Amino acid sequence: MTKLQDVEGARHATILGVGSYRPSRLIPNAELVEAIDSSDEWIQQRSGIKTRRWATPEETVTLMSVESSKIAMERAGIEPAQIDGVVVATVSHMLQTPAVATMIAHELGLNRPVAFDISAACAGFCHGIALASDMVKAGSAQHVLVIGVERLSDLTDVGDRGTAFIFADGAGAAVVGPSDEPGIGPVVWGSDGEQFDLIRQKEDWRDVLEQDNPSMPHLVMQGNPVFRWASFEMAKIAQQTLDRTGITVDDLDVFVPHQANMRIIDAMARTMKLPDTVKIARDIADQGNTSAASIPLALDRMLEEGDAKSGDTALLIAFGAGLAYAAQVVTVP
Ligand SMILES: CC(C)(COP(=O)(O)OP(=O)(O)OC[C@H]1O[C@@H](n2cnc3c(N)ncnc32)[C@H](O)[C@@H]1OP(=O)(O)O)[C@@H](O)C(=O)NCCC(=O)NCCS
């Protein structure tokens, strides 16, 4: 017979608080179009983006994470000493190792929590929420800070008309902890590696170093196939998520999809037949696509503007490079 003892976690997990950080530089379409032979009208029509925010040199991945986390912890009513896990979703921390989560934990004055980064691109925040929920329920942590943070402006080629107007910077954080009722529903997640090349860092670092004049390997994207995949396949994933949670679109108050393109958001809402009463996040218009940060940024804005309120039922769905995706229904903190 085994002598191993098991630990018991919380019966349920929930999001206790969210916070976000929007960088200070506002970049309207007019500022980008000359370099890419485009127009404000084209960008707005095809993507819904009017302006985006790019970070200054001082607004680092760590700084944006720390600031958004402080707000999330305060709103959650959780002291730094109570946080025993930090999960950071990002693709724009420029050190291969160590994980930026450890530095963020240190800057926040946390008490040596488990801290690690995950790489799931735009789907990263929903991956983080699923992991944190499982950690709390398994007893491997009690309060987990989940951060989605990006400085995609560092990875964007401002001369590439396929990507220059899309990507942006920012951070959002959530505290996940124990609760008496389920506040985070079952995750539906997966990947389609056959489409690995559709959104990617152009070259790997070894190939870059072999070039005569090495330069930053930017993100490249085949926009149209990504657009079609997201518009049609993700509505199916959203429906599967509702089915697994045991609810229908009529039970939803809020829909917070990854902010990739306004037309994708509209197509998903149409395919899912969302009732008019469901409030839809449309942060992309003036924030751009902030990858792992887009869902917490959008949710926080909805709370601030009264489009979402504590206790609402929200569907989160995120998708991106990999292609990877994750979705869950949560109770708004
Ligand atoms: C990038 C995106 C906005 C482009 O819109 P689209 O409707 O797919 O446009 P296409 O790439 O089919 O290009 C249509 C035309 O516009 C042109 N075009 C492309 N980029 C342009 C730009 N920035 N400005 C003006 N014209 C542009 C193309 O050359 C093409 O011209 P043609 O018809 O003469 O050949 C869209 O594909 C998209 O948003 N994709 C998903 C992006 C995404 O979600 N990425 C992140 C996932 S996390």
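Biologist: Which residue does R22 form a salt bridge with?
Modeller: R22 pairs with D283 in a salt bridge, and their closest N and O atoms are 3.1 Å apart. A salt bridge here is a side-chain nitrogen of Lys or Arg within 4 Å of a carboxyl oxygen of Asp or Glu. Side chains of opposite charge can pair when their charged atoms come close.

Biologist: And what kind of model is this?
Modeller: This is a predicted model, in which local features need pLDDT of at least 70 and side-chain atom pairs count only at pLDDT 80 or more, while totals for chains, interfaces and linings use all residues. Residues are numbered from 1 along each chain as its sequence is written, and side-chain values use heavy atoms, with hydrogens and water left out.

Biologist: Where are the domains?
Modeller: The domain assignment gives domain 1 as 12–179 and domain 2 as 188–331; such bounds come from an automatic or database domain assignment. The C-alpha centres of the two domains lie 14 Å apart.

Biologist: How many residues of domain 1 are in contact with domain 2?
Modeller: 50 residues of domain 1 touch 42 residues of domain 2, where contact means heavy atoms within 4.5 Å.

Biologist: How much area do they bury between them?
Modeller: About 3600 Å², with 63% of it on carbon and sulfur atoms. Buried area is the accessible area (1.4 Å probe) that two parts lose on being put together, summed over both. On the side of domain 1, R22, C122 and C126 lose the most area to domain 2, together 18% of what that side buries.

Biologist: What about polar links across the two?
Modeller: There are three salt bridges between domain 1 and domain 2. There are also 18 residue pairs in polar contact, both residues at pLDDT 80 or more. A polar contact is a pair of N or O atoms within 3.5 Å; within protein, one must be able to donate a hydrogen and the other to accept it, and residues adjacent in sequence count only if both atoms are side-chain atoms.

Biologist: Which elements of domain 1 give two or more residues to that side?
Modeller: They are β1 (12–21), α2 (40–47), β3 (51–54), α5 (124–138), β6 (144–151) and β7 (169–179). Helices (H or I, at least four residues) and strands (E, at least two) are DSSP runs, numbered from the N terminus. The largest share, six residues, comes from α5.

Biologist: Where does C122 lie?
Modeller: In the loop between β5 (114–118) and α5.

Biologist: Change of topic. How many salt bridges are there by this rule?
Modeller: The count comes to 13. One joins the side chains of K70 and E67, at 3.6 Å from N to O. Both residues lie in helix α3 (residues 61–76), three residues apart, about one turn of the helix.

Biologist: Which residues does a cis peptide bond join?
Modeller: G322 and L323 are joined by one, with omega about -10°. L323 sits in the loop between β13 (313–320) and β14 (324–331). The peptide bond from T97 to P98 is cis too, with omega near 0°, and P98 is in the loop between β4 (85–89) and α4 (100–107).

Biologist: And D37, what is its phi?
Modeller: Phi of D37 is near 50°, a positive value in a residue other than glycine. D37 is in the loop between α1 (29–36) and α2.
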